[in-house]
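Here is a colleague's note to read beside the model. Please keep the structure open and follow the points in order.

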Amino acid sequence: MNQLLLISAIPLLITLLGFFPRMARKLPKLAAVLMALQIPVVLTLIPAALNGSVPMWRGFAIDGTAAAFLVITTLVAAAAMAQAAFLMPAERAAEHPSSDGHLCMFYSMTGLFLLAMYTVLVSVNLGYMWIAMEATTLLSAPLIYYHRGPRSLEATWKYLILCSVGIAFALFGTVLIFAAQHGVHDGGSLLISKIIEHPGDIDPRLMRMGFIFCLLGYGTKAGIFPLHNWLPDAHSEAPSPTSAMLSGSLLNCALVAIWRISQVVTATGQGHLVQQLLVPAGAITVLAASIMLIRQHDLKRMWAYSSVEHIGLLTLAIGINSGGVFMLHAFNHSLAKTALFLLSGAILHQYGTKSLSKLAGLLKASPAWGAALCIAGFAIAGSPPFGTFISEWLLLRDTFTKGEVFAGVVVIIGLAITFIAIMGHINKIVFGVKPTLAHKDINPAWAYAPLGLMAISLVAGFAVSPPVMNALTMLISGGLPQ
Amino acid sequence: MNFSTIDLLSAGAALLAVMMCGFSGLYSQLRSLAVQTAFLAGIAISIGMSSGATHYLVLAGVVLLIKSIGIPMFLAWSAKRLEIPRDAGVMLPPALSALFGVGLLVAGYFLSSQFAVPKMGNIGEAGMTMTLIFIGMMLMITRRLAISQVIGFLVLENGIFLYGLTQTHGMPMLVEMAAVFEVLMGVMIAGLVTYRISRTFEHVDVTHLRGLRH
């Protein structure tokens, strides 16, 4: 329980500070510093998780899966807050004048949103996990509406209604999984360790139905094709630090929910269903997203579709039950995508547009920004030597060894199209004539947080070796505390 | 033919859902929703009385207060504030929509054995659950107003609640309560967003929200 309090202290503090509008001038910098301090706090959880000692309190536990994704979520949030310290005051001064209270609301909501995501990750009770997941939707909706324009309003409405319906299906799935335990003598439970205790007594029919509804529900939240409709709107209309958190950490939370439920379903003898459903879903998502990436007119929408593509890869990793690869790729994708959304926020502010046809000459305007965008673009497209290349490679290897040749071929086609599409778009943004900027002062410091993330991604790319993969697999296979 | 109280109340809830398909007036829809939710609270009370578990009574009280009285009143207040007494732009004529509702009732009947937990003895209720979920989805798809979509969502949510009540020995209390409160929060936020939509776009027809295509 101590660990749970430890990790929630700083987000809670940010939330509380947001209640004081007088803090508005100091809060952006303060929140950035506080979130940077949160990184070492969360890192202390890793050794314990590797040793297999899982601190538990009621339906919450920091097992390997939770610890790893807590680190990813915190890294993303810290980078987002670091960028927000530059972006939010600059936006307020220029294109989005807003009151102190409004800015403080942003920080309060971000703190609560982060707490809700932490809760999803540490829940080992399917009911609590559902509650926390629903809370993430409700808490992030005001963040998406932060700019208060008609476009952000439309995006918020779509997000709210589609994700609420999705999450309602997940509730139905959760109830079905509970009902499937009607043969268990004590009436069943939602605690994962309790559900898998008596695999023989579980009604397989209701368990399968439960999995399908949970997949439908959390899949909507994760943006699996064709349930991804809300995703590009919400991710492109939200302020960039929020986009980064939605893409870099919230999608992971939904996937962790799917991962945990897949583990339950596999442990109760229905593993073939997980593979049958998730492998085609993942492969189709990758291909569909790659095709949609070709014709893009909007910088942030492009990264949103790229997120859909990576969600496809991660779904595939869950489908073939490669926990280590799932974790590694989620880590690499989150870093690169966060860097890209943060850079896009900076570009949007500086150019005054995110229309791809109007963006050009970034390298001439600011070498640091241009270089950062190139590096992060290469990373997200999965080229060596970045971590994404290694994790995609390992994923394809595992896909073929599991005998899913067709899915593997579809994914390779999708990845090839994605690479060409993203490189084409980045080429237009980075090179070309020097642009006329909306704001003259272009500060290279804005690229530091993204470049920092890319440095970590680079190290991660070189660090992957069989022992590391074994450690990751160990970490995630501790996902079901006994 | 012997029908238990639970059978009658859940059949009433499903029939009200079919009726709601035929209404285009928001107030009559909200009244039906309130009565339907009260029926579900009645089921919780009757289960609580027969099993002697007090938490069912607490749950029934919370559902009655929040989902049956609070939320419909809040939505009626929103509709009044926005001056939209009826859903003028129903994509499916109400009569036809009610016919589809009956079809979904029949579909629910055929699906009941798929979803029922035989030991609980409430096989029909599993079908009613599916009916409520289907009708909720149909209402969300075929209505244009933001508030009508929220009503559809609440019907869907009621279906899930009915399933938890009749097919399990009681979901953990905390989860049930949290579900009720999160529905309340969701409806409040949706109400605020609806108000913003009407102020920003000067209409609440969500099918006209199509600025974000590319």
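Which residues have the most contacts inside the largest nonpolar core?

1. **The core.** They are A:Leu343 and A:Ala376, in a core of 257 residues. A nonpolar core here is a set of buried Ala, Val, Leu, Ile, Met, Phe, Trp, Tyr and Cys residues joined through C-beta atoms within 7 Å. Helix α11 (residues 240-294) of chain A gives the most to this core, at 26 residues. Leaving aside residues up to four places away in sequence, A:Leu343 touches A:Trp369, A:Ala372, A:Leu373, A:Ala376, A:Ala447 and A:Pro450. Two residues are in contact if their C-beta atoms, placed from the backbone, lie within 7 Å.

2. **Ground rules.** This is a predicted model; local features need pLDDT of at least 70, side-chain atom pairs count only at pLDDT 80 or more, and totals for chains, interfaces and linings use all residues. Residues are numbered from 1 along each chain as its sequence is written, while chains are lettered from A and ligands numbered from 1 in the order in which they are written. Helices (H or I, at least four residues) and strands (E, at least two) are DSSP runs, numbered from the N terminus.

3. **Confidence.** pLDDT is the predictor's confidence in each residue, from 0 to 100. Chain A has a mean pLDDT of 86, with 98% of its residues at 70 or more. Chain B averages 84, and 94% of its residues score at least 70. Among the elements of chain A, strand β1 (residues 56-57) has the lowest mean pLDDT (76), and helix α12 (residues 299-319) has the highest (92). Among those of chain B, helix α7 (residues 173-201) is lowest (84) and helix α2 (residues 26-51) highest (89). For the complex, the predictor gives an ipTM of 0.91 and a pTM of 0.91.

4. **Where the chains meet.** Chain A puts 30 residues into the contact, and chain B puts in 35 residues. On the chain A side, α6 (126-144) and α7 (150-179) each supply at least two residues. The largest share of that side, 17 residues, comes from α7(A). By class, the chain A side has 19 nonpolar, six polar and five charged residues. Ala, Val, Leu, Ile, Met, Phe, Trp, Tyr, Cys and Pro count as nonpolar, Asp, Glu, Lys and Arg as charged, and the others, Gly among them, as polar.

5. Helix α1 (residues 2-17) of chain A has 16 residues. From first C-alpha to last it reaches 23 Å, close to the expected 22 Å. The expected span is 1.5 Å times one less than the number of residues. α1(A) bends by about 40° at A:Ala9, and A:Pro11 follows within four residues. The bend at a residue is the angle between axes fitted to the seven residues ending there and the seven starting there. Its buried residues are A:Gln3, A:Ile7, A:Ile10, A:Pro11 and A:Ile14. A residue is buried if 20 or more other C-beta atoms lie within 10 Å of its own, exposed if 12 or fewer, and partly exposed in between; C-beta atoms are placed from the backbone. The cover over these residues includes α2 (27-43), α3 (45-51), α4 (64-93) and α5 (100-122) of chain A.

6. **A kinked helix in chain B.** α4(B) has a kink of about 30°, centred on B:Tyr109. The buried residues of α4(B) include B:Ser97, B:Gly101 and B:Leu104. What covers the buried residues includes α9 (204-222) of chain A, together with α1 (5-22) and α5 (123-142) of chain B.

7. Most residues other than glycine have a negative phi, and most peptide bonds are trans. The bond from A:Phe225 to A:Pro226 is cis, with omega near 0°. A:Pro226 sits in the loop between α9 and α10 (230-237) of chain A. A cis bond also joins A:Pro384 and A:Pro385, with omega about 5°. A:Arg148 is not a glycine, yet has a positive phi of about 60°. A:Arg148 lies in the loop between α6 and α7 of chain A. Why does A:Arg148 count as partly exposed? Because 13 other C-beta atoms lie within 10 Å of A:Arg148.
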